Amino acid sequence: MNKDWSEKNRKMQSLIGKGASFREGIDVLIDLRSDLFGQITSIVNTYPAEAFSQMPFAGAEGYHSKTLAYSMWHIFRIEDIVAQTLIRQNSQVLFSGGWLEKTKSPIITTGNELQGEKIASFSERLDIKGLFGYCKAVMEATNTLLGSLEFRDLKRKFTDADKVRLIDSKCVSEDENAFWLIDYWCGKDVQGLIRMPFSRHWIMHIEAMCRIKNKLCRMARKGVDPAAYCGLSCDHCFLKDWCGGCRTAYNTCSYATCSPGGVCPNAVCCKGEGLDGCWECAFLPGCRKGFYETPDVNAVKAMALFIRKHGKKELAAVLDRLHRQYDFQKIQEILGEDLAEGLRILEENR
Ligand code: SF4
Ligand code: SF4
């Protein structure tokens, strides 16, 4: 489990267990949920629509065998049902916010009843922006609920009438893979629900989402030229778990994510000019586009100039050598900000 998330989760659990620190515990929980939701936001903002229905671990045991879209739906359907129908006895966000139409979901259940291909075809039908909006609305509604709880509410237990209400809502499938949820939730008190659907359940599924997106990036990179248009090397990049490379649909490099259409200016320019990379461009030395915009990324331009002189394979070999010698993430840490000095270091390590 991610160390930061697991520590925050442990801290929250301990704090909410005592009246004096209960409020602080809720604040830690909301903070943890915000961190976790940040992962979902990054994935939704940067990955192509096709990514959300892929099952790169199909058939595996575990949450990572699902899709990104299913994971989002499942986390927040469960939370919506538990927070609104079970605890608040209120209308679920899915219905009160018109999210069923906006998500285009063919089901109102948690999705536990779906297996294999059915998960992929369900995911394909979802509107991802609508789904993201739903997830956010559920998170906010639950945060409001959490903020309104008092320490004495934690011991509240659930009754047969609560079970009947859940069954009548038809939001939990009668399939044996789903129906057990009703007994499971109703067997807990409010504190138990905070410890699972509102926290740990998020962590487990969001960690699975991270495994899925890492694998999708690796799959996207397979067989694709690892030389980025700007001169960076995708094979040596510290963002490999998030970015499939600028020659793929999984391009989430820093300049791509803040540029129109999610493509970095160097990639747009090279493609427009029919160039393999900026190293083929006559304007490279004076260019100020994208990665060459600020002086502190002269390291990237140094690499493009190095490719122009020696080729991509030679640069990859130099980068292999540098990574064996030094512990670093960004190449700027080694090549510095001065173009001539960066080139000198690359030449020295040929
Ligand atoms: S951030 Fe740039 S160098 Fe890194 S993997 Fe993505 S495209 Fe390649
Ligand atoms: S003008 Fe700049 S961004 Fe465009 S191909 Fe040339 S070096 Fe690359």
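**Note on domain arrangement, ligand shells and a helix pair**

1. The centres of domain 1 and domain 2, taken over C-alpha atoms, are separated by 39 Å. Domain 1 covers 3-221 and domain 2 covers 234-348 of the protein chain, with bounds from an automatic or database domain assignment. The contact draws 8 residues from domain 1 and 13 residues from domain 2, two residues being in contact if their C-beta atoms, placed from the backbone, lie within 7 Å.

2. This is a predicted model, in which local features need pLDDT of at least 70 and side-chain atom pairs count only at pLDDT 80 or more, while totals for chains, interfaces and linings use all residues. Residues are numbered from 1 along each chain as its sequence is written, and chains are lettered from A and ligands numbered from 1 in the order in which they are written.

3. The residues around ligand 1 include Cys-234, Cys-237, Cys-243, Cys-246 and Cys-253; a residue is near a molecule if its C-beta atom, placed from the backbone, lies within 6 Å of it. This shell divides into 8 nonpolar, 2 polar and 1 charged. Here Ala, Val, Leu, Ile, Met, Phe, Trp, Tyr, Cys and Pro count as nonpolar, Asp, Glu, Lys and Arg as charged, and the others, Gly among them, as polar.

4. Around ligand 2 lie, among others, Cys-269, Cys-270, Cys-278, Cys-281 and Cys-287. The shell of ligand 2 comprises 8 nonpolar, 2 polar and 2 charged residues.

5. Met-303, Phe-306, Ile-307 and His-310 of α13 meet Lys-312, Glu-314 and Leu-315 of α14 in a contact. The residues of this contact divide into 4 nonpolar, 1 polar and 2 charged.

How values were computed:
Helices (H or I, at least four residues) and strands (E, at least two) are DSSP runs, numbered from the N terminus.
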